[in-house]
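Biologist: I would like to learn how to read the features of a model like this one. Please give me the general idea each time, then the case at hand.

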Amino acid sequence: MAKVCQITGKRTRVGNNVSHANNKTKRKFYPNLQKKRFFVPSTGEWITLKVSTSALRTINKNGLEATIRKAYERGTLSI
């Protein structure tokens, strides 16, 4: 599976390693993704999402259903 957050849409970024001599080689910056199960009270079932840690904080702050609704409106939701 791709390393993409299902809530925020964060994905792998590309950049450079820069040495002391200013040599540049390509590298990747991966998002901090965690596989997490969430309980949806309205449907009474569990869903498994691959989310970034920043998305986990957002879910803890705003609630799962509100966060999913907002991600769906933004178009970043991929379930």
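Biologist: Among contacts in the protein between residues at least 6 apart in sequence, what share join residues at least 24 apart?

Modeller: Contact means heavy atoms within 4.5 Å. In this protein, 37% of the contacts between residues at least 6 apart in sequence join residues at least 24 apart. The model is predicted: local features need pLDDT of at least 70 and side-chain atom pairs pLDDT 80 or more, while totals for chains, interfaces and linings use all residues. Residues are numbered from 1 along each chain as its sequence is written, and side-chain values use heavy atoms, with hydrogens and water left out.

Biologist: What does the secondary structure come to?

Modeller: Helices and strands are DSSP runs numbered from the N terminus (H or I, at least four residues, for helices; E, at least two, for strands). The protein has two helices and four strands, in the order β-β-β-β-α-α along the sequence.

Biologist: How does the radius of gyration of the protein stand against a compact globule of 79 residues?

Modeller: The radius is taken over C-alpha atoms, and the globule rule is 2.2 Å times the number of residues to the power 0.38. A compact globule of 79 residues would come near 12 Å, but this protein has 16 Å. Its C-alpha atoms fill a box of roughly 55 × 25 × 20 Å along the principal axes.

Biologist: Which residues of helix 1 are buried?

Modeller: An α-helix has 3.6 residues a turn, so residues three or four places apart point the same way. In helix 1 (53-62), the buried residues are Ala-55, Leu-56 and Ile-59. They lie on the same side of helix 1 because they cover an arc of only 105 degrees around the axis; the arc is that of the directions from the helix axis to the C-beta atoms. The face turned away from that buried side carries the exposed residues Arg-57, Asn-60 and Lys-61. Cover for the buried residues of helix 1 includes strand 3, strand 4 and helix 2. Just after helix 1, Gly-63 has a positive phi of about 95 degrees.

Biologist: Which residues of helix 2 are buried?

Modeller: Helix 2 spans residues 64-74, and its buried residues are Leu-64, Thr-67, Ile-68 and Ala-71. Their arc around the axis is only 100 degrees, which puts them on the same side of helix 2. Strand 3 (33-40), strand 4 (45-52) and helix 1 are among what covers them. Gly-75 follows helix 2, with a positive phi near 90 degrees.

Biologist: What does Leu-64 touch, not counting residues up to four places away in sequence?

Modeller: Leu-64 touches Phe-38, Phe-39, Val-40, Ile-47, Leu-49 and Ile-59, with that exclusion. Its relative accessible area is 12%, so Leu-64 is buried. The C-alpha atoms of Leu-64 and Phe-38, 26 residues apart along the chain, are separated by 7.8 Å. Thr-67, in helix 2 as well, counts as buried because its relative accessibility is 5%. Neighbours within four places in sequence aside, Thr-67 is in contact with Ile-7, Thr-58, Ile-59 and Asn-62.

Biologist: Is the phi of Asn-22 positive or negative?

Modeller: Most residues other than glycine have a negative phi. Asn-22 is not a glycine, yet its phi is positive, about 65 degrees. It sits in the loop between strand 1 (13-18) and strand 2 (24-29) and is partly exposed, with a relative accessible area of 48%.

Biologist: Where does Asn-32 lie?

Modeller: Asn-32 is in the loop between strand 2 and strand 3. At a relative accessible area of 46%, Asn-32 is partly exposed. Leaving aside neighbours within four places in sequence, Asn-32 is in contact with Val-51, Ser-52 and Thr-53.

Biologist: What lies over the face of Tyr-30?

Modeller: A charge sits over a ring if NZ of Lys or CZ of Arg is within 6 Å of the ring centre and within 35 degrees of the ring normal. Lys-3 lies over the face of Tyr-30, 4.1 Å from the ring centre. Arg-27 lies over the face of Phe-29, at 3.8 Å from the ring centre.

Note on methods. Buried means under 20% relative accessible area, exposed over 50%, partly exposed in between (1.4 Å probe, protein chains only).
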